[in-house]
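Hi there,

Here is the model I promised to send over. Please have a look at it first, and then read on for my notes.

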Amino acid sequence: MKPVVGAMQAWSCVIISLFAIVILSILGGLYRNNHHEFLGGAEDPKDGNAVAGTVFTAVIVYAVFLVFCGLQGMLHLRENRRGAIALS
């Protein structure tokens with residue numbers, strides 16, 4: 001199987017996805033627990049659980065990106081170990 005994206009893009013996607021998963025998980029947890037800094041103001045959302053559900057959906061999307069990009073990176077490593085010649 002050949003990689004769909006380049007090695008640099010795959011590993012960059014892995015790093016960005018990891019940071020997004022960590023940051024969004026923390027924000028989702030704060031919204032789920034109705035943290036006073038995020039809820040209760042004039043323009044803040046009223047339902048913290050609904051916001052947390054949306055944020056955790058984004059975490060799932062980034063987890064899918066992480067798996068896909070990680071597999072793409074591993075395909076590049078496997079291709080490099082075999083000694084494949086790139087003509088680009």
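A word on terms before the findings: helices are DSSP runs of H or I with at least four residues, strands are runs of E with at least two, and both are numbered from the N terminus. On the source, this is a predicted model, in which local features need pLDDT of at least 70 and side-chain atom pairs count only at pLDDT 80 or more, while totals for chains, interfaces and linings use all residues. Residues are numbered from 1 along each chain as its sequence is written, and side-chain values use heavy atoms, with hydrogens and water left out.

Let me begin with the aromatic rings. Rings of Phe, Tyr and Trp (its six-membered ring) pair if their centres lie within 6.5 Å; planes under 30 degrees apart are called stacked, over 60 edge-to-face, and the rest tilted. Searching the whole structure turns up two aromatic pairs. One of them joins Tyr31 and Phe38 in a tilted arrangement, at 5.1 Å centre to centre and with 50° between the planes. The other, Tyr62 with Phe65, is edge-to-face, at 5.9 Å centre to centre and 80° between the planes. Tyr62 and Phe65 both sit in helix α2, three residues apart, which is about one turn of the helix.

How accessible are these rings? I use buried for under 20% relative accessible area, exposed for over 50%, and partly exposed for in between (1.4 Å probe, protein chains only). Tyr31 is buried because its relative accessibility is 16%, whereas Phe38, with a relative accessible area of 25%, is partly exposed. Tyr62 is partly exposed at 28%, and Phe65 is partly exposed at 41%.

Leaving aside residues up to four places away in sequence, Ser17 is in contact (heavy atoms within 4.5 Å) with Tyr62, Phe65 and Leu66.

Finally, the covalent link. The structure holds one disulfide, meaning a pair of cysteine sulfur atoms within 2.5 Å. Its partners are Cys13 and Cys69, with sulfur atoms 2.2 Å apart. Cys13 lies in helix α1 and Cys69 in helix α2 (residues 48-82), so the bond ties together parts that are 56 residues apart in sequence. The torsion about the S-S bond of Cys13 and Cys69 is about 70°, so this disulfide is right-handed. Both Cys13 and Cys69 are buried.
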